[in-house]
Amino acid sequence: MLRSTFLWLSERPSVFEFLKRNRLGRGIAARFVAGESLESAVQAAQAVEARGIKTTLDLLGESVSSGTETHAARDEVIETIDGMADAGLEANVSVKLTQLGLDISETSCLDNVRRILRRAADRNAFNAFVRIDMESSKYTGRTLSLFHRDVLPDYRDHCGVVIQSYLRRSGKDVAALVTAGARVRLCKGAYAEANDVAFQDKEDVDRSFVDLMGTLLESGNYPAIATHDVDIITKAQAFAKDHGIPPDRFEFQMLYGVRRDLQDALCAKGFNVRVYIPFGTAWYPYLMRRLAERPANVGFMASSVMKEVFSHNDRSA
Ligand SMILES: Cc1cc2nc3c(=O)[nH]c(=O)nc-3n(C[C@H](O)[C@H](O)[C@H](O)COP(=O)(O)OP(=O)(O)OC[C@H]3O[C@@H](n4cnc5c(N)ncnc54)[C@H](O)[C@@H]3O)c2cc1C
């Protein structure tokens, strides 16, 4: 119930306008979002890398509705690649195709993606890599077609895609990606989806994740296991051990602000860990999806509201 409420709110720009105007909204976002500027994101990435953990920067934004905005997003992503490389970081970024114009024109979206990929290839010395995030199931087919047809042949080493274990179609998609030698990030999936498209029960989503993870660990190209689920992470380690897969053949990925203890513990055990660090002004839908994932985050939000109210009362007193 709470999950669907937050997912519903994630599509309500008027609520964002309200939250953006007050300090409280930005304060809550700060737990999951590194800041609004590239500078703040690079600083956050440097702090994470100082812990021995790799990073990917995600310029927030999705469902962009004008060509000008998609060009601005493309240029900002290119600046992000340069900003990371100039700071001596691995230039690893995540993008969303609707931020680059998928809803407006597939041709111009592809042109934006290609320009970003060309810059990534130029920055090869910094292991530059572009991950195409997966959005709602409305975009899965188009995202994967574009990736297989227009991206993979020229940019296999510089681009990867995401598969969501809650989607019923994901078994077939993983098989095709493994055959193509593509780099895949596996996650559970963060959007509200109908029963005919996606598993609704956590048990089914987790079972699907473990199945797909086995395929990717065994036959995939440096898969990314993106979850904070301790049970699944334990299974990944056991699977790798049982199948003689060394830790440098895959990585764990987690979100900025979530389970830092687990990130550090895996890193200390010698696993590759990467933290996904979002930044930018368009933080609202991302924040709502994070709140939807965990009821305890609502408690965190409520305590922030109380602190804000009390500090306001103190100031007024
Ligand atoms: C690196 C990365 C990239 C991602 N990219 C995509 C993408 O491209 N497309 C997409 O649809 N989804 C993406 N996701 C989100 C993903 O689909 C899940 O919604 C999210 O990771 C929560 O699922 P979980 O696997 O952690 O398992 P869950 O079963 O949701 O959670 C397991 C445990 O993790 C902790 N936890 C999980 N989420 C939170 C949170 N928000 N706050 C605090 N604790 C939490 C809790 O302890 C919880 O009990 C990504 C996730 C990661 C880590």
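User: Which polar backbone atom is 3.0 Å from an oxygen atom of the ligand?

Analyst: Good place to start! This is a predicted model, where local features need pLDDT of at least 70, side-chain atom pairs count only at pLDDT 80 or more, and totals for chains, interfaces and linings use all residues. Residues are numbered from 1 along each chain as its sequence is written, and side-chain values use heavy atoms, with hydrogens and water left out. A polar contact is a pair of N or O atoms within 3.5 Å; within protein, one must be able to donate a hydrogen and the other to accept it, and residues adjacent in sequence count only if both atoms are side-chain atoms. The atom you ask about, 3.0 Å from the ligand oxygen, belongs to the backbone of Ala190.

User: Which element gives the largest share of the shell around the ligand?

Analyst: Helices (H or I, at least four residues) and strands (E, at least two) are DSSP runs, numbered from the N terminus. At least two shell residues each come from β4 (159-164), β5 (183-187), β7 (251-255) and α12 (284-293). The largest share, three residues, is supplied by β7.

User: How many charged residues does the shell around the ligand have?

Analyst: Asp, Glu, Lys and Arg count as charged; Ala, Val, Leu, Ile, Met, Phe, Trp, Tyr, Cys and Pro as nonpolar; and the others, Gly among them, as polar. The shell has eleven nonpolar and six polar residues, and its charged residues number nine.
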